[in-house]
Every structure is written in C-alpha cells, then in structure tokens.
Amino acid sequence: MEDPIQLKEEGNKYFQANDYEKALQSYTQALKLNKDKALQAVLYRNRAACFLKKEEYAKAASDASRAIDINASDIKALYRRSQALEKLGKLDQAFKDAQKCATIEPRNKNFQETLRRLGANIQEKLRIQFSTDSRVQKMFEILLDENSEKEKREKAANNLIVLGREEAGAERIFQNNGVNLLLQLIETKNPELILAAVRTLSGMCTGHKARATAILHYLGIDSICMWMSVDNEEISLAVCNLLQTIIDCLLGQGKEEHHGKEEAVVLDTKKDLKMITMRLLDMLVSKRVSGQGRDRALNLLNKNIPRKDLKDHDNSRSIFVIDNGLKKILKVVGQIPEMPDCLPLTENTQLTASVLLNKLYDDLRCDPERDNYRIICEEYIKSKIDPQDMDKTLHAVQIVSGVLQGPFDLGNKLLGMKGVMEMMVALCGSEREIDQLVAVEALIHASTKLSRATFIISNGVNLLKEIYKKTKNEKIKIRALVGLCKLGSAGGTDYGLRQFAEGSTEKLARQCRKWLCNTTIDARTRKWAVEGMSYLTLDADVKDDFVEDEPALKAMFDLAKTSDKTILYSVASALVNCTNSYDTKELVPELVQLAKFSKQHVPEEHPKDKKDFVVKRVKRLLKAGVVSALACMVKADSAILTDQTKELIARVFLALCEDPKDRGTIVAQGGGKALIPLAVEGTDVGKIKASHALAKIAAISNPDIAFPGERVYEVVRPLVSLLNTERDGLQNYEALLGLTNFSGRSDKLRLKIIKEKALPDIENYMFENHDQLRQAATECMCNLVVNKEVQERFVADGNDRLKLVVLLCGEDDEKVQVAAAGALAMLTAAQKKLCSKMTQVTTQWLEILQRLCLHDNMEVQHRGLVIAFNLISADKELAKKLVESELLEILTYVGKQEDHPKKQHVINVARDCLTRCMDYGLIKPFSQA
C-alpha cells in the first residue's frame, strides 16, 4: 500500500481499536511517502496522539510542534502539545499552548478547565520555588550550628533528605552551594549529620546524569570510598547507596528523567566508570578498609560489572576487571581469618568474593577469554606455593577452596594442577590445627560433583574419619563431619545409591543437630552443622527426624536471621529437601522394566518421600516459624543471595502455599511481601515458582491485607507472566483467579492489569476447551468490563469480543453463564452502542437471551433480565423487536408472579421491562387492552 491517505485511514482504524503501535507504523509510513504539507501536519498531529497514549511525552511534544510549524493555528496539535508538556513538567509552556487553544475556541469548556488547572499548578510551583531557597538556607544554618537543639537538627536533617528527593528542591540545593555545605556536614564526624548529608546527596543524584557527574567530581571518588570504608554499618551502607545511584546515572539506568538542555550535553561517562571500578578494586586489598567497606565494594562490583542480559554482547567491564583486579579478588578469597596478617573481613566477605569470581567467569563469551582467566588464577596460585613456607602454601589451598565455591569447573581444573591435591592431603595429616582446618574445608568444597566425589571417597573418607576421631578441636571436628555428610549424600535422593552403611547417615545427622543446638559453640562453627544438614536431608529418614526436632529447626532459623549471609544457601537447600520441592523425574513403568531386565540401576523412592509425609513436614516447618526466617533471608542486601538461592527459597514458598488453609499464616508472617522480589528477579524457574506462590495467595486472600498499600500493584506483573501457554494449566488457572480477585477491588487495579497487556491473554483463555480455565477467564473479564477502556475495546469495530461473551452466555456450564451474563449486563448498561451491536454479532442472540431469562438459577435469570432491560431502554426499535418475540411472554410470566422476598429482585426487573415497553406504547396495561 503506497497511498499516504489510505495509510492515514488505516492508522485511524488502528488508533480507534487501541492498537497504538500499528497506528504509529501506518502514520510513519505515510509520512515517508507524503509530499502534501496539509496532510503532513495531520499525520504529525495523529502520531502525537499515539505517543500520548503510549506515555512517550517527549516524542508527542516533538511531533505536535512539527504540525504547528506547518499550521500555527492547528488547535488539535496545540492541545496535544499542551498535554505532553504538562506531563513533562513544563507547565508554563503548556499554559501558553492551552491559552492559544482557548483564544481560537473561547467556548470550549475543556480548554477553560485545562487553563484553570495549569494556572493553579504554576502558582503552586512558584510558591514552592520561592519558599525552597529560604528553607534550604535555614536548614543548613540549623545543621551547622553546634548550639542548635538536637530535635531541631534532626527535623532539619529529615527535611533536607525529603527536599533532595524532589527535583525542584534538589536543583535549589545544588544551585545554592549546597554540595559544599553537605560536605561540611560530613566533615563534622557526627554520624546523624553524615547520614543526612549522604542521603540528601543520593536524592539529588537520582535520575539526573549531569548533576550526579558534577557531585562525583566535587566530592571525589577517593573521599566516597574512604567514607564507605568506615566501621559504621549505617554510614557505610548509605555511602554505598549513593555510589550505586551515581553508577546508575552514569550507566543510564534507573529512574531516568528528561531535563531539557541536559540532553544536549554529551557526557562521556566511561572514564568516570573506570575510575570508580579501579578505586573499588583497590579497596579490596587495602588494610585501612573495614570488613564492611570491603563487602560494600564487592557488592557494588557484583551488581555493576557483569552484564545484566547475556544478549548484550559488550562484556568489556568484566574483561577490564579480570585484567586489572582478578588477582586482588583472589587475594581476598585466599585470606585465612585465623592468621595474624589477615585483612579486616566480615563473615560474608570471602563468599561474596567467590560469587564475584563466578559472575565474572560466567560473563566471558569465548574460550580464549576463559583461558586467560584460568592462566591468571594458575599463575597466582603457583606464586603462593612454597614447600619451605607452609603459611604461603595455605593461602594457595584457600584460594582453590574459594574458586571451588565460585566457578566450579575452573576450580576443578585448578585441583588438577600439579601438587594441589597432594598438598591438601598432606595438610590433612599436619599437626597444626590451622592446616587441618583449611585442608578439610578445601576437601568439602572439592567434593561437589558425583564424579569428583567418588574420587575423593576413595581417598578422602579415611582422611576425614581419621581427623574426626583424633582431633579435640570442635571446629575441625565439625568440618570433618560435614565432609563426611557431603560424601555420604553423593547419591542424591536415590534411596538405592546410598554411599554409607544403613544408619550411618542418621548418626551423622544426630551429631549435626546436637551441634546446631549448642549455643556455646561460635556461630561460624554451628553454620557448618547447617551445611551438613543441607546434604544429609536428601535422606528421607533424616529430614523426617529433623522436622520433628523443633529446637534444631529454630536454631537453624535463628542462624538464618543473623548478619552472616554465607548460611543462606545451606538453609534454603535443607528446606527444599525437607519440603521435597526439588524437581523429580517421573519414572515411566515400561522403562523401569527395561532397566531391570538389562540390569541397569533404577532410582528408588524412599517410603517417607510420599505425599502424606511431605504434607506433615510442611506443617511442622510452618509451626516452627519457617516463613519469618525465609522473609528475613530474602531481605539480605548482598551478592551472596544469588539467583540460585532465590530459586530455592521460591521453591520452598510454593511448597508451603500448597494448602489453602496455611496461606493466611504465610501472609501474616510476611510471606506475601517476601515473594514479590523473588517473582521479579532471579532464575526463570525461580521467578515462575514465586509467581505461582503469589497466585495461590492472591486467589483466595483479601488483597488489601495480603499486599497492603501500593504493594498490590507490584503483584500484577508476576500474575500476568503466568498467563502463558508455556506454563501449566494449574498456574494459568490460579493466576486467573488472582487477577479476578484483584480486578474486583478497584479501577486503579483494573487499569494496572490492562497496562500489563493481560487482556489478550485473558480473552484467549475464554476460548479454552478446559472448563475451569474458561470459567476463570470469563469471571476475570466480568470484573474488568467495569473499566471504560475495556468497554471501548468491545465497542470498537472489527473484533469478536462481544460475540464471544454472547455465545458464552449460551454455554451449559452454569458458572461460565453467570460470569458471561454478568459481563454482558454491565456492558449493555454502560454502552448503548453495544445493545444494538449485540443483535448483529450472532443470529442466536435472542434464543440465548430467552434461555437466560427462563434459567433455573436465579442469579443467571436476574442477569438475563437486566440485559433485556438494557436492550429495551437503549432503543425503541430494539424494544419493538423484543416485544414481537417470545420474550414478551417470558417477561409477563415472570412479572406476574406474586411478590416473594427471595425472588423479588428478579420479579422487579421483569416488571421494569414491561413498564418501559408501556412507556414506548408498545404494550398496554391489561385493563386498557
């Protein structure tokens, strides 16, 4: 189609059908082909309307301006530009356009109302602006005056933070020498004032690249890193958030806003990003940096260096860090806390560094890049191996141990390096306890894969048993036990592949539970008992005993709530095992027979892994307070909370939500809130599991209680993600139930569901052959049709939406009929056009309506009569058509029935129909006939 006029008409049709993307394509194509100035103005004007609908206001303003350049008095273009400018916050320009519109059409009430609204908004903005300057000045005076009252200073500090988050306030602070004054606050060494200043700076940087860059250069990255290195958790975290905000701006992520002329300035951010990265890497090996500061630096590197999306081909940030900082990360991993020359660390530092090693390795795109990474590691480890210096050699083993917790395949290759395995075995036999400690941990991390474990079983079990028997040091004893636990669980959940003799596993588990409950042992050592349980709970006897032991469960949950986040994966693994929420392969009976015949191994299920045992275990866990522990684990703001750990937590939540009776308890203990981040970030499987758990809660809970405040809007997207043919029927069904529940709450929620593009999917499920899916989708649509935008979709030409609803009213399934008739009743009441359209979509409409009005189910009958009343009220000709059919007899039969409290609402609607027909003069009262 090469005709611009035809393309314009086509665009108009798409626009009326709310398909703004296709409308845009048509108008754009027409603009390319068009030579006529007048038509060009119309096309730009129409395209501006599409951009307004898509909430792309800068583009809408630009297109409207082009239309105005051609025709200065184009009233539609002027009004559209006014709307776009208002949304962009340019109120004075929007006011001028609205004024021109009102001058051209002085009687247009819409223009007058817009002028009134904009005028009031401009006055308010000016009032705030003039009062902001003096407020900023006063706040700094109070804060910098040491003699000010404490309460006054606190109030001023909080007000400053709030002001920094508003665009007008942030700009005022920035223009009035505010950054220098904030720097003075930081230099007071008063923790409260430092926090207020840092948080204000964060607000000022948010979404504003130019201001963030200026603040970074004014403060200096060295000063920011120095503040982040302090041994005060709150200040360190606040500075970390400030640096993250600056990085987001430099990378062009986060809440990016348009600030007029700022877009014209080209800011080269690569240099600044490299400078930040280098300083963070330097922090890793500096003795002056606190353990918390090191954790913050590692978390920032974890968050910002590897690619978020592997489809993006640019992994230059990871390559830069590997070339300039891999050895620094390895140095952190190789630290031994018990040694005197150790860097300041927290319990989380080394695992966070291992996670970073793993993320960097996963971010590499080809074998040469991976080989380079391996060579750097090998050279660094070789430089540490010194037979004459045992301490140096210990660091080498510790590095291998750390890499095994990160990129495992690489760790396996490092284990194969000449002398590494021999060194580990030699250290196990050493007299020094520190040597044994490091070697045993390395052995534990080395035995992660079945193939590797079988090699270590033949060599390592005897070593570990020997250490376990000989040592008097509890720390080493417990680690040796965990090594044995791990080797004992190498067969996984397969009952027939037990590595150790019957009863040995339970014995190991009893010892682990004993240590877990012993509060006299330090937390770091007790953590290893949880690690042991995470392996042993693959055995059904062990998990059954574990959930019966409430003190041991509570001890594990208490550990999960501490600041030590290295335990998260172990706790989550143990809970996945106890709830049987891991993936299992279904055994095909024919294949089992074949395997037996050919004498192959057949996986066996333990009797205690059957459903009734799992249900009992879930109830026990809920009673012991598992939900509050999981909710606390999800809050961990650390790279240690990896996507894999999030997936495990999501699996546990889904298992806990299985019984509808338990869902209230889960919500009350914070489960609903904890599931939202799990449904948004993580592995694909984890997000699906968390979304399904949310759907289970949303389907039967009051949304106001389960997801209070604005949180409910965050749940919509995960639910919509389950409306997908790749998801199973139960996930589709429960997501539809959840959306039905939400769509019945408020129009704001209905709009959110529409905005998430759920309507086409819901309509698809209304065609579904499966009765329950069709019913759930129809009920959801019944609630959504209250919304004006949905009604307009039904009114639009060229679709079968109304036909589908009418035909669903004729279904045999009563629940589908109730929902479809309800939707049709609301549609015909709200839109008169749909009353006449209903008679045209299918020849069966009258027969279906009559069946509804005679239905045995009073709810269906009432809805059918309401539809009849709407049709009669809409149009006299339509009413005449109905009176001439058998419907008149039905209405008369129902209307003449004696008053009855249970049926009264039905009888009254029938009588209203007859009264309306009398008003038209189509029928007469019996006395006049």
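Here are some questions and answers about the predicted model shown above.

User: How are residues numbered, and what pLDDT do local features need?
Analyst: Residues are numbered from 1 along each chain as its sequence is written, and side-chain values use heavy atoms, with hydrogens and water left out. In this predicted model, totals for chains, interfaces and linings use all residues, while side-chain atom pairs count only at pLDDT 80 or more and local features need pLDDT of at least 70.

User: How many helices and strands are in the chain?
Analyst: Helices (H or I, at least four residues) and strands (E, at least two) are DSSP runs, numbered from the N terminus. By that reading the chain has zero strands, and its helices number 52.

User: Is Cys809 buried or exposed?
Analyst: Happy to work through this one: buried means under 20% relative accessible area, exposed over 50%, and partly exposed in between (1.4 Å probe, protein chains only). Cys809 has 1% relative accessibility, so Cys809 counts as buried.

User: How many disulfides are there?
Analyst: A disulfide is a pair of cysteine sulfur atoms within 2.5 Å. By this rule the count is zero disulfides. Cys782, for one, is in no disulfide, as the nearest cysteine sulfur, that of Cys780, is 9.7 Å away.

User: Which residue forms a salt bridge with Glu86?
Analyst: A salt bridge is a side-chain nitrogen of Lys or Arg within 4 Å of a carboxyl oxygen of Asp or Glu. For Glu86, the closest N and O atoms of the pair are 2.7 Å apart. The pair links distant parts of the chain, 31 residues apart, with Glu86 in helix H5 (residues 75-87) and its partner in helix H7 (residues 109-144). That partner is Arg117.

User: Which helix holds both Glu550 and Lys554?
Analyst: Glu550 and Lys554 form a salt bridge, with the closest N and O atoms 3.2 Å apart. They are four residues apart, about one turn of the helix, and both lie in helix H29 (residues 550-560).

User: Why does Arg863 count as partly exposed?
Analyst: Arg863 lies in helix H49 (residues 858-874) together with Glu859, with which Arg863 forms a salt bridge. Arg863 counts as partly exposed because its relative accessibility is 21%.

User: How far apart in space are Asn372 and Ile319?
Analyst: Asn372 lies in helix H19 (residues 367-384). In sequence, Asn372 and Ile319 are 53 residues apart. In space, C-alpha to C-alpha, Asn372 and Ile319 are apart by 9.9 Å.
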